[in-house]
Amino acid sequence: MSNIAPTHRNPAAAAAETSTVGTTDAQVFSTTKPVSNVSPLAVLQTILSSPTNLDFVKQYTTDDFIYVSLNYGKPEVKQALPWAGTTKGVKGLVQTFIDVHRYWKVDNFQIQDSFENEDGAAIFGTFTYTSTTLGKTVTSPFAVLARGNGGKLSYVQFMEDTFATVRSFRESGQYHIKANPDGSETDI
């Protein structure tokens, strides 16, 4: 089985993200090794080793596979990120990774923490992307939740800082933010 290795194409970003200077024990990375080669964590890592290959990914997913990308279904997010929302079938997962590589150059994708139990796994980390259209670089934490057993996944959910990633495509304009109940407002 193939393990995921950190990808560092931008040395400055990699150094900034992998530094543990000044961290507490709670901030030290804690990746779990899969308990077997068919455990949910092992299968998730295997899928992530070649996520754009539909035939490969199909081997590790159930027929009723569900993929949730960023949210359960918000049309305004889908306008900027067409893969956002819930899809049935493995094609949604694979198309997401194909599109991510079309929309951005992946400068760094690093798993920092991972956990699993008998029917699920989670990985957490950080990525740095540079948009192919505007050349804007963003860094985001990410989290992936996977469910399954018997060497196949039936559910994967991917979360990131969508505000940051969408901003990598923002060419102009401002957001007028009125979030504070005490009345303050800001433009971003």
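**Entry 1**

I looked up tyrosine 103 and found a relative accessibility of 22%, so I noted tyrosine 103 as partly exposed. My cut-offs: buried is under 20% relative accessible area, exposed is over 50%, and partly exposed is in between, with a 1.4 Å probe and protein chains only.

A reminder to myself: this is a predicted model, where local features need pLDDT of at least 70, side-chain atom pairs count only at pLDDT 80 or more, and totals for chains, interfaces and linings use all residues. Residues are numbered from 1 along each chain as its sequence is written, and side-chain values use heavy atoms, with hydrogens and water left out.

Next I looked for aromatic pairs, and the structure holds 13 of them. To pair, rings of Phe, Tyr and Trp (its six-membered ring) need centres within 6.5 Å; planes under 30 degrees apart are stacked, over 60 edge-to-face, and the rest tilted. How are the rings of tyrosine 103 and phenylalanine 169 arranged? Their centres are 5.8 Å apart and their planes stand at 75°, so I wrote down edge-to-face.

Tyrosine 103 belongs to helix H5 (residues 91-103), while phenylalanine 169 is in the loop between helix H6 (162-167) and strand E8 (176-177). These are distant parts of the chain, 66 residues apart, and the pair links them. Helices (H or I, at least four residues) and strands (E, at least two) are DSSP runs, numbered from the N terminus. Phenylalanine 169 has a relative accessible area of 21%, and I noted it as partly exposed.

**Entry 2: a tilted pair and a cluster**

I moved on to phenylalanine 163 and tyrosine 175, whose rings make a tilted pair, 5.4 Å centre to centre with 45° between the planes. Phenylalanine 163 lies in helix H6 and tyrosine 175 in the loop between H6 and E8, so this pair ties together parts twelve residues apart in sequence. Both residues came out partly exposed: phenylalanine 163 at 38% and tyrosine 175 at 29%.

I also found one aromatic cluster that includes Tyr103 and Phe169, with Trp83, Trp104 and Phe109 among the other members.

**Entry 3: salt bridges**

How many salt bridges does the structure hold? I found three, each being a side-chain nitrogen of Lys or Arg within 4 Å of a carboxyl oxygen of Asp or Glu.

Arginine 102 meets aspartate 99 at 3.0 Å, N to O. Both lie in helix H5, three residues apart, about one turn of the helix. I remembered the general rule: an α-helix has 3.6 residues a turn, so residues three or four places apart point the same way. Arginine 102 is exposed at 54%, whereas aspartate 99 is buried at 8%.

Aspartate 107 meets lysine 105 at 2.9 Å, N to O. Aspartate 107 is buried at 1%, and lysine 105 is partly exposed at 45%.

Lysine 178 meets glutamate 185 at 3.6 Å, N to O. Here lysine 178 is exposed at 61% and glutamate 185 partly exposed at 43%.

**Entry 4: back to helix H5**

I returned to H5 and checked its span. Its 13 residues reach 18 Å from first C-alpha to last, close to the 18 Å expected at 1.5 Å a residue (the expected span is 1.5 Å times one less than the number of residues).

Which residues of H5 are buried? I listed Gly92, Leu93, Val94, Thr96, Phe97, Asp99 and Val100. Their cover includes helix H2 (40-49), helix H3 (54-58) and strand E2 (61-69), with contact meaning heavy atoms within 4.5 Å.
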